Amino acid sequence: MTPAKASERLDPARTALLLFDMLNGHVKKNDPATKSRYAPVIAAAVRVLDAARRSGVVAMYAAAHHRPDNATSAHLVTDTDNRLRPIPAGRRESKPVVAAGTWEAQVIDELKPQPQDYMIPKFRWSAFHQTYLDLALRSRNIDTLVISGGSTDVGVASTAYAARDLDYHLVVVSDACTSPEEDNHAQFMQRVFPRMARVRTAGEVVRMLGA
């Protein structure tokens with residue numbers, strides 16, 4: 001097999017699908033703009049998950065798992081919040097966006113986990129930071145990670161950088177990721193991720209799994 005053809009094939013035994021923060025609290029907000037933005041992303045993620053299950057690729061879910069009192073969340077001095085809104089001096093968030101054990105922290109029904117899947121509770125942007133994700137992958141001799149979810153420029157990017165530093169091959173599913181900042185999403189897909197990963201659409205990943 002030529003290198004070019006090999007790059008368009010995924011070995012199911014060596015590949016894992018990581019669905020990042022596809023949680024009710026992020027996706028199912030009572031906000032028309034959020035619902036509209038996520039609708040095609042969910043559809044693309046469902047296509048990839050269905051193909052992964054058919055081919056025997058292990059599914060893993062990275063999910064925010066913060067304490068309700070926010071004691072395990074990051075409290076850093078920054079200019080703005082994640083939506084680039086200035087933070088008033090001295091303000092500190094009293095509760096997390098997604099608190100463990102709530103409806104908001106559950107994976108959306110469209111991507112519902114099955115008993116054999118891996119749930120990866122996380123407390124920071126990266127799904128690798130002080131979680132068992134790396135151990136779970138290495139114990140199965142997995143060397144390739146397919147990433148889908150949001151936000152592209154926050155947790156997906158942080159996880160992608162960490163995966164690269166741990167020498168994992170990466171596939172980023174471009175239309176199964178999203179960010180409220182569409183220009184940031186485009187910048188990562190066009191100018192950042194291609195340097196560390198293969199950036200492919202959901203349709204292309206389905207074909208890669210069936211090659």
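User: Buried means under 20% relative accessible area, exposed over 50%, and partly exposed in between, using a 1.4 Å probe and protein chains only. On that scale, is asparagine 70 buried or exposed?

Analyst: Some housekeeping: this is a predicted model, so local features need pLDDT of at least 70, side-chain atom pairs count only at pLDDT 80 or more, and totals for chains, interfaces and linings use all residues. Residues are numbered from 1 along each chain as its sequence is written, and side-chain values use heavy atoms, with hydrogens and water left out. Asparagine 70 sits in the loop between strand S2 (58-64) and strand S3 (118-122); helices (H or I, at least four residues) and strands (E, at least two) are DSSP runs, numbered from the N terminus. Its relative accessibility is 4%, so asparagine 70 is buried.

User: What is the phi of asparagine 70?

Analyst: Asparagine 70 isn't a glycine, yet its phi is positive. The value is about 70°.

User: Which residue does a cis peptide bond join to glycine 150?

Analyst: Look in the loop between strand S4 (144-150) and helix H5 (152-165). Omega is about 0° at that bond, and the partner of glycine 150 is serine 151.

User: How far does H5 reach from its first C-alpha to its last?

Analyst: H5 has 14 residues.

User: Why is H5 largely enclosed by the rest of the structure, and which elements do its buried residues pack against?

Analyst: It's largely enclosed because 10 of its 14 residues are buried. Among them are Val154, Val156, Ala160 and Ala163. With contact meaning heavy atoms within 4.5 Å, the buried residues of H5 pack against strand S1 (15-20), S4, S5 and helix H6 (182-192).

User: In what order do the strands of the sheet run?

Analyst: Two strands pair if DSSP finds at least two bridges between them; S1 and S2, for instance, pair in the parallel sense over 5 bridges. The sheet is open, with 6 strands and parallel pairing, in the order S3-S2-S1-S4-S5-S6.

User: Which strands stand at the edges, then?

Analyst: Each edge strand has a single partner, so one side of it is left without a neighbour in the sheet. The twist averages 25° from one strand to the next. The edge strands are S3 and S6 (198-200).

User: At what angle does helix H3 run to S5?

Analyst: Axes are lines fitted to C-alpha atoms, for helices over the stretch in contact, and angles run from 0 to 180 degrees between N-to-C directions. H6 lies across S5 and S6, at about 150° to S5. H3 (residues 32-55) lies across S1, S2, S4 and S5, and its angle to S5 is about 140°.

User: Which residue's backbone oxygen lies 2.9 Å from a polar atom of the side chain of asparagine 24?

Analyst: Asparagine 24 lies in helix H2 (residues 24-27) and is buried, at 6% relative accessible area. Beyond neighbours within four places in sequence, its contacts include Lys29, Glu104 and Ile108. The backbone oxygen belongs to tryptophan 103.

Terms used. Expected span 1.5 Å × (residues − 1). Polar contact = N/O pair within 3.5 Å; in protein donor to acceptor, adjacent residues only side chain to side chain.
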